[in-house]
Amino acid sequence: MLALALAVAPLSGPAYARAAPESFADLVDQVSNSVVNITTSTTVAAPTNVGPNFPPGSPFEDLFKDFGLPGPDGKKGPARPRRSNALGSGFVVSEDGYIVTNNHVIEGADEIEIEFFSGKRLEAKLVGTDPKTDIALLKVTSETPLPFVKFANSDKVRVGDWVMAMGNPLGQGFSASAGIISARNRELSGSYDDYLQTDAAINRGNSGGPLFDMQGEVVGVNTAILSPNGGSIGIGFSMTSNVVSKVVDQLKEFGETRRGWLGVKIQDVTPDMAEAMGLPAPEGALVSEVPDGPAKEAGIEAGDVITSFDGGEVKSTRDLVKRVADAPVGEKVRVSVLRDGKTETLLVTLGRRELAEGEQPPKAVQAPQEVEKDMLGLTLTPLTDALRSEMGLTKEASGLIIKSIDETSTAYEKGLRAGDLITEAGQKPVASMGDFEDQVAAAKDAGRKSILLLIRRGGEPRFVALPME
């Protein structure tokens, strides 16, 4: 345990606050031997573009020919591939030489070299990568055991806690910077994102480096920055150690990730959706589509709201995605859903996400042709063969097309747009204007203020609660 000079002052109540550490020097000494610089080499194909048009005899003429580009005389020098180098950071997680970094640091690399704080250099081999969390696992062979660091429990990290980032910023060599946790549970672009935000300086070259707590344990992997100029402005993001450690364990064991797969498309339940469905609170994961797979085999249906997975409460889609991904492939789990106001519990045998990706959604039922009609700020018309062809839909596609929309209407505010295909209303399929009118009437009779619509845009399903004023 690292000894730091901490001033502790009592506050009102049971909580206590810690003063800023007097120095981070002892922490740097403790962990620096486990932090590494990473240099990658990649072969880049010879350029094929044409260079600037310099006059004959120009001193630049030979220069451009050296790079395989044609000179003013049209003659081209020898086109030669070149080597491109990139820099990043990483850290050792076992004495036998496993090293964690970002996938984007080593992606496409032909050679990977590890430099330790002592100056020692070793060639590394790639064990496996996970582009979804931007994590890669490397392995070096060393004659002696290597100093390593452990993962902390990132769930215990609080906003305001002190942290220290280490790495190779801008290729300048080993460097440390300190700050606090600015925010938790940040999402950037991935399904499994769980980032810690920090104001500790993170720059290019810090990617893949560790974010330490005051005990010298890794709470995150420095991955990205938010910046208008490419440099640190105090908004950096580190993938949490609890996500990274699970990925590392799978890469170490299998050389790849093996995530559970439920087989549903889902979206969050909004307050107006909850009202339209008669739910007590806007919680859970609303199932918008069930393709062939584990969920369909178990009896889960579109319109179900998943409230519990394997005994754990599901508050949002994010909860469900994480719980399913963490569950072992092939495991039987209990999934509780709300359907027509009642709770049902189903037993689902999970598939594997990596094998299931890319499967096509099921086809719908063909709809009859009818005239258009204005309702709820929408001009609706059933699908015709001409519309299917125009919109790139299959012959089996069914529902009502939003032909136009009043831009001053609530429907427009809710995100509906011309070209959207409505396939369900009130959680019932609609193939005609009569179907749609019946469901609107039923929702009003039930005292609902909104009706739940299932729409498709670009092939992707989404529920929208549309007020019926």
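Reader: Is V35 buried or exposed?

Author: Before the answer, please note that this is a predicted model, in which local features need pLDDT of at least 70 and side-chain atom pairs count only at pLDDT 80 or more, while totals for chains, interfaces and linings use all residues. Residues are numbered from 1 along each chain as its sequence is written, and side-chain values use heavy atoms, with hydrogens and water left out. A residue is called buried under 20% relative accessible area, exposed over 50%, and partly exposed in between, with a 1.4 Å probe and protein chains only. V35 has a relative accessible area of 0%, so V35 is buried.

Reader: Where does V35 lie, and which residues does V35 touch?

Author: Helices (H or I, at least four residues) and strands (E, at least two) are DSSP runs, numbered from the N terminus, and V35 belongs to strand β3, residues 35-44. Contact means heavy atoms within 4.5 Å; not counting residues up to four places away in sequence, V35 touches G90, F91, F117, M166, G167, F174, P210 and F212. The C-alpha atoms of V35 and I114 are separated by 9.9 Å, and these two residues are 79 residues apart along the chain.

Reader: Which residues have the most contacts inside the largest nonpolar core?

Author: In soluble globular proteins, nonpolar side chains tend to be buried together. A nonpolar core is a set of buried Ala, Val, Leu, Ile, Met, Phe, Trp, Tyr and Cys residues joined through side-chain atoms within 4.5 Å. Here the largest one has 25 residues, and those with the most contacts inside it are V31, F91, V100, M164, F212 and V244. Among the elements that each supply at least two residues of this core are α1 (25-31), β5 (98-102) and α4 (241-254), and α4 gives the most, with five residues. Apart from this core lies another, of 21 residues, including I422 and V464.

Reader: What does V244 touch, not counting residues up to four places away in sequence?

Author: With those neighbours set aside, V244 touches V100, I135, F151, V221 and M239.

Reader: How much of the chain do buried residues make up?

Author: Buried residues make up 45% of the 469 residues in the chain, which has 11 helices and 29 strands.
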